[in-house]
Amino acid sequence: VQTQLLRRLPIFALADIVYLDGTVYTAREGVYKRVLEDGIAMPMDLPADSAANFHCSPAATQHDDGSFDLGAVTATASFRFSKWIGPWLAASGAKLIIGKGGMSSKDYREHFVPHGAIYLTTGWLWHGCAFGAWCQTG
Amino acid sequence: LGRGVKQVSDLHWKKELGLAQAMWVLDVENFGPFIVESDLDGNSLFERENARISASLDKVYEGTKPAVLKRFGETDDRSDEMI
């Protein structure tokens, strides 16, 4: 899926596997507070630059010359961002929220559905058991 | 997952928020795999599968002793999700 200029997502079924091309940005509580609570303008043109918000703190550093060293990128658990997600989807136009463990279907119905957004998870982690069972029976 | 990242194209608010909270802008190609956890109707894959598994939990535990001593705050109701 292309992450830019996503006006409408293709129709996905639950458990579909998705790969992304384009631009993805990380934003979590620090960014949400700055934008939504402190009213500071976003440093990116969203969603034109990207409609894919990755809940992640990369294991990365920036060298003095401005270059980057990127290690692992693993998702962080998203349910903690529940209180910001509605206003954030409205402000950022994000159509893809990428993280770990999902959010609640209440969040999906209240906030994701009105904005035509969906949640992509990096996988099982503490849902390992659930997923294992699903792999066998599904 | 990291193999799908071609490069870091930008980093915003590093000074203000620190490396962990900053906005990292990543150029990605074939970045994944991700699993579709919610659909456009707001359904959740995890909740759907958890409900399916919960339905057969009683059978799995049939004939076993209660796992708790009924002290204050303890529960053996398996529909109470623990986080």
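Student: Which residue just after α2(A) takes a positive phi?

Tutor: Happy to start there, and do keep in mind that this is a predicted model, where local features need pLDDT of at least 70, side-chain atom pairs count only at pLDDT 80 or more, and totals for chains, interfaces and linings use all residues. Residues are numbered from 1 along each chain as its sequence is written, chains are lettered from A and ligands numbered from 1 in the order in which they are written, and side-chain values use heavy atoms, with hydrogens and water left out. Helices (H or I, at least four residues) and strands (E, at least two) are DSSP runs, numbered from the N terminus. Just past the helix, with a phi of about 70 degrees, comes Gly93(A).

Student: What covers the buried residues of α2(A)?

Tutor: Helix α2 of chain A spans residues 82–92, and its buried residues (under 20% relative accessible area, 1.4 Å probe, protein chains only) are Trp84(A), Ile85(A), Gly86(A), Trp88(A), Leu89(A) and Ser92(A). Contact here means heavy atoms within 4.5 Å. The cover includes, from chain A, β1 (17–26), α1 (29–37), β2 (52–54), β5 (96–99) and α3 (105–112).

Student: How many bridges does β1(A) form with strand β2 of chain B?

Tutor: Two strands pair if DSSP finds at least two bridges between them. β1(A) runs antiparallel to β2(B), residues 23–36, with Val18(A) opposite Phe34(B) and Gly22(A) opposite Val28(B). The bridges number seven.

Student: What area is buried between chain A and chain B?

Tutor: Buried area is the accessible area (1.4 Å probe) that two parts lose on being put together, summed over both. The contact draws 67 residues from chain A and 46 residues from chain B. Carbon and sulfur atoms give 67% of the buried area, which is about 5000 Å².

Technical notes: Buried means under 20% relative accessible area, exposed over 50%, partly exposed in between (1.4 Å probe, protein chains only).
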